[in-house]
Amino acid sequence: MSVLEALRVPEELSARVPAEQRGAGRDDVRLMVSRGVAVSHHAFRELPGLLRAGDVLVVNTSPTLAAAVNGRLGGDAVVVHFSTRGDDGRWAVELRDPDGRGSTRPRPGGPAGGLVRLPGGAQLVLQEPVGAGAAGPVGVAGPARLWWASVAVDVPGLLARYGRPIRYGYTERDQPLAAYQTVFARPSRDGSGSAEMPSAARPFTAGMVAELVSRGVQVAPVTLHTGVASAEAHEPPYPERFEVPASTAWLVGAARAGGGRIVAVGTTAVRALESATGEDGVVRAASGWTDLVVTPRRGVRAVDGLLTGLHEPEASHLLMLEAVAGREALGRAYAEALRRLYLWHEFGDVHLLLPDEGAH
């Protein structure tokens with residue numbers, strides 16, 4: 001058993017409300033910094049002083065959708081989590097059981113042919129588990145809890161009218177959709193977005209971005225529309241839509257040539273950028289679906305550092321963090337985070353992993 005697998009995160013370290021409801025604002029969270037195995041502790045507002053001119057922050061511009069909608073399957077109340085729009089117009093959805101406290105519990109997927117009645121007279125029909133059809137990348141298996149469904153309505157319009165942000169049981173109460181948008185979010189032309197917030201960027205404010213730019217830190221956009229995670233199963237990510245524009249590919253290449261560091265803001269930004277990076281380490285414009293899982297064995301080719309939230313010890317994202325920082329550094333940091341009572345999850349504190357430049 002690794003050091004990380006042996007860690008247990010106490011329930012009281014779950015961030016139950018957004019930072020602005022606990023303190024002075026979105027940026028009022030703590031920032032743990034790992035440089036190799038060395039760990040230091042800061043306020044998030046100190047981030048501009050921890051980066052340097054020539055560094056590039058790669059950020060995910062995907063907006064968060066109000067992706068949870070109440071429905072009925074037969075006589076049962078269910079909550080539908082709309083996850084990913086397929087190439088053929090179907091949607092990958094997860095059905096969950098309401099828990100009576102405003103959040104949900106997992107339920108078995110299906111059944112095939114099941115009709116779910118939605119608000120406003122809309123309905124969807126469950127067809128097959130994700131991975132069984134060709135709506136996304138052919139032949140890529142997905143978790144059985146996610147099903148392709150035909151939906152007889154414009155889903156972005158349905159979500160805008162009747163949806164609410166996906167909420168998990170560790171949060172205290174419902175929050176407005178604005179609490180789940182980052183400063184980098186931009187509406188997409190077709191109404192697509194993320195079922196769950198690209199949360200590493202949540203503490204950024206417009207003022208913070210202005211200060212970073214004034215210090216010579218550049219910001220490069222990518223897009224990756226995240227589907228629903230499973231807080232229970234710790235599954236690896238399944239295929240998701242992404243785009244790395246030519247301007248970002250050029251900026252990353254120029255910065256690396258000039259000695260700048262490429263710091264991804266969130267695991268989604270890593271996944272998008274690394275999906276556009278060849279074995280030669282060159283980032284090129286790319287878009288489509290990615291099923292990339294970044295592991296220590298695969299490694300990272302374009303990313304030097306990562307700003308991310310704190311993940312459960314069993315989460316598949318930790319493989320990506322280990323690829324960036326190494327297992328020893330990650331174990332040291334997480335032990336420190338527990339000792340210092342850092343807060344976990346999307347409204348919690350953040351962790352900056354930087355190269356150990358003293359080792360070269």
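Me: Before the aromatics, what makes two rings of Phe, Tyr or Trp a pair?
Reply: Their centres have to lie within 6.5 Å, with the six-membered ring used for Trp. Keep in mind that this is a predicted model.

Me: OK, which residues do ring pairs link into a cluster?
Reply: Phe 44, Phe 184 and Phe 204.

Me: And how many aromatic pairs does the count come to?
Reply: Six. One of them is Tyr 180 with Phe 347, where the ring centres are 5.3 Å apart. The planes of those two rings sit at 55°, so the pair counts as tilted.

Me: Where do Tyr 180 and Phe 347 lie?
Reply: Both are in loops: Tyr 180 between helix H4 (155-162) and helix H5 (206-214), Phe 347 between helix H9 (327-339) and strand S16 (350-354). The pair therefore ties together parts that are 167 residues apart in sequence.

Me: Is Tyr 180 buried or exposed, and what about Phe 347?
Reply: Tyr 180 is buried, and Phe 347 is too.

Me: Switching to the whole chain, what's the secondary structure?
Reply: Nine helices and 16 strands. The radius of gyration is 20 Å, close to the 21 Å from the globule rule for 360 residues, so the chain is as compact as a globular protein of that length.

Me: How much of the chain is buried?
Reply: Buried residues make up 54% of the 360. The chain exposes about 14800 Å², with carbon and sulfur atoms supplying 52% of that area.

Me: Last one, charges: how far apart are the mean positions of the positive and negative ones?
Reply: 2 Å, for 37 positive and 39 negative charges.

Key
Residues numbered from 1 in each chain as written. Predicted model: local features only at pLDDT ≥ 70, side-chain atom pairs only at ≥ 80, totals over all residues. Heavy atoms only, no water. Helix = DSSP H or I, 4+ residues; strand = E, 2+ residues; numbered from the N terminus. Rg over C-alpha atoms; globule rule 2.2 N^0.38 Å. Buried < 20%, exposed > 50% of the residue type's maximum accessible area, 1.4 Å probe, protein only. Areas by Shrake-Rupley, 256 points an atom, 1.4 Å probe, with all protein chains shown as cover. Lys, Arg positive; Asp, Glu negative; His and termini not counted. Charge placed at Lys NZ, Arg CZ, Asp CG, Glu CD. Phe/Tyr/Trp six-rings, centres within 6.5 Å; stacked < 30°, edge-to-face > 60°.
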